[in-house]
Amino acid sequence: MRVFITGASGWIGSAVTDELLAYDHQVLGLARSEESAAALEAKGAEVHRGSLDDVDSLIAGAKAADAVIHLAFKHDFTDYAAAGRSERAAVEGMLDVLAGSDRPFLLASGLAGADLGRALTEDDASPFHGPESLRGGSENLALEYAERGVRSVALRFAPTVHGTGDHGFTARLVQIAQEHGDAGYIGDGSHRWAAVHRADAARLVRLALEKAPAGSRVHAVGEEGVPTRDIAAAIGAYLGVPTVSVPPAEAEARFTWLARFFGHDVHASSARTRELLGWEPTGPTLLEDIAGGAYAAAAGR
Ligand SMILES: NC(=O)c1ccc[n+]([C@@H]2O[C@H](COP(=O)([O-])OP(=O)(O)OC[C@H]3O[C@@H](n4cnc5c(N)ncnc54)[C@H](OP(=O)(O)O)[C@@H]3O)[C@@H](O)[C@H]2O)c1
């Protein structure tokens with residue numbers, strides 16, 4: 001398939017691009033800068049210049065492809081509402097192009113908002129609807145198009161898609177621990193984060209592209225829930241600093257925007273995804289990655 005990928009230059013997108021190219025798909029990658037364009041070309045991908053702020057450029061990309069994988073997102077956690085509105089406009093524009101074509105539309109989503117007291121499953125619908133909700137309610141919007149002739153699939157990534165070079169949430173936790181001279185977890189640290197290694201996530205995206213039915217939610221979850229105190233302890237051990245409990249009232253002062261994610265219990269199963277796609281994550285685990293130096297760059301080493 002010729003696949004238009006937004007966010008093809010990002011952490012997950014560059015691994016997905018490699019995976020698709022290795023399996024004889026063609027990649028048309030969205031690039032908003034010369035640097036991202038050059039990185040995509042060097043891999044053997046085609047480049048489509050454009051931006052999330054230019055919905056017409058996304059529409060043109062979607063028209064030129066057999067499938068769309070939408071991974072770009074404005075990670076501006078200081079104005080998350082604006083990022084959500086932009087996300088919704090981008091997703092709506094591309095879905096309207098694909099309506100009636102039965103072409104695949106896979107979009108990145110998350111497991112946030114879980115906090116169910118049990119593992120979130122693929123059968124649990126996202127509670128977010130409408131342009132003002134988290135990520136612009138884009139997961140539900142996309143899945144509605146399954147009724148309108150789009151093979152839409154929600155890719156629900158664990159909050160940490162980890163590995164060497166990750167610059168996401170776990171990297172930020174490492175930096176915060178280093179700045180403070182100790183590695184913190186919130187409260188008793190019993191709440192968990194699901195996790196997945198980047199290579200496993202990329203393989204899951206390819207399998208979902210190739211065979212997930214319209215309207216599927218798939219969980220990129222290798223580990224159902226790693227206690228946050230264990231994450232902090234692994235970071236502390238790697239950096240050689242103590243591990244400490246941070247009272248919930250002080251969490252925002254220490255973790256700033258990350259407090260709202262690190263303070264949630266994000267516990268999710270991927271049993272149905274494994275069965276549906278024959279996907280088996282092979283790791284390494286999050287704690288193995290931290291101990292093994294995958295976050296050396298975040299620690300300035
Ligand atoms: N990483 C995780 O642990 C994780 C967990 C849950 C969900 N997710 C979701 O998965 C998706 C991919 O995440 P990621 O970690 O790969 O993100 P990332 O490394 O930050 O990459 C973001 C991508 O989006 C592109 N982008 C950002 N703003 C753009 C704009 N205005 N116009 C065009 N492109 C733009 C970036 O392009 P440039 O190269 O030009 O910057 C980059 O390719 C996102 O939707 C993210 O929220 C990620």
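Biologist: In this model, how far does a backbone N or O atom of L71 lie from an oxygen atom of the ligand?

Modeller: The model is a predicted one. A polar contact requires a pair of N or O atoms within 3.5 Å. The pair formed by an oxygen atom of the ligand and a backbone N or O atom of L71 has a separation of 3.2 Å.

Biologist: What share of the ligand's exposed area does the protein bury?

Modeller: The reference is the ligand taken alone, which exposes 890 Å². Of that area, the protein buries 85%.

Biologist: Does R135 count as buried or exposed?

Modeller: R135 is placed in the loop between strand 5 and helix 5 (138-144). Its phi is near 55°, a positive value in a residue other than glycine. The cut-off for burial is under 20% relative accessible area. Because its relative accessibility is 17%, R135 counts as buried.

Biologist: Is D24 buried or exposed?

Modeller: D24 is located in the loop between helix 1 and strand 2 (26-31). The phi of D24 is near 65°, a positive value in a residue other than glycine. Exposure requires over 50% relative accessible area. With a relative accessibility of 70%, D24 is therefore classed as exposed.

Biologist: Is the peptide bond from G283 to P284 cis or trans?

Modeller: P284 belongs to the loop between helix 11 (271-277) and helix 12 (286-291). The omega of the bond from G283 to P284 is near 5°, and the bond is cis.

Biologist: How many residues does the contact take from domain 2?

Modeller: The domain assignment gives domain 1 (2-159 + 197-222) and domain 2 (167-195 + 224-268 + 284-291). Their centres, taken over C-alpha atoms, are separated by 27 Å. The contact between them takes 15 residues from domain 1, and from domain 2 it takes 16 residues.

Technical notes:
Residues are numbered from 1 along each chain as its sequence is written. This is a predicted model: local features need pLDDT of at least 70, side-chain atom pairs count only at pLDDT 80 or more; totals for chains, interfaces and linings use all residues. Side-chain values use heavy atoms; hydrogens and water are left out. A polar contact is a pair of N or O atoms within 3.5 Å; within protein, one must be able to donate a hydrogen and the other to accept it, and residues adjacent in sequence count only if both atoms are side-chain atoms. Accessible areas come from the Shrake-Rupley method with a 1.4 Å probe; for residues, only the protein chains shown count as cover. Helices (H or I, at least four residues) and strands (E, at least two) are DSSP runs, numbered from the N terminus. Buried means under 20% relative accessible area, exposed over 50%, partly exposed in between (1.4 Å probe, protein chains only). Domain bounds come from an automatic or database domain assignment. Contact means heavy atoms within 4.5 Å.
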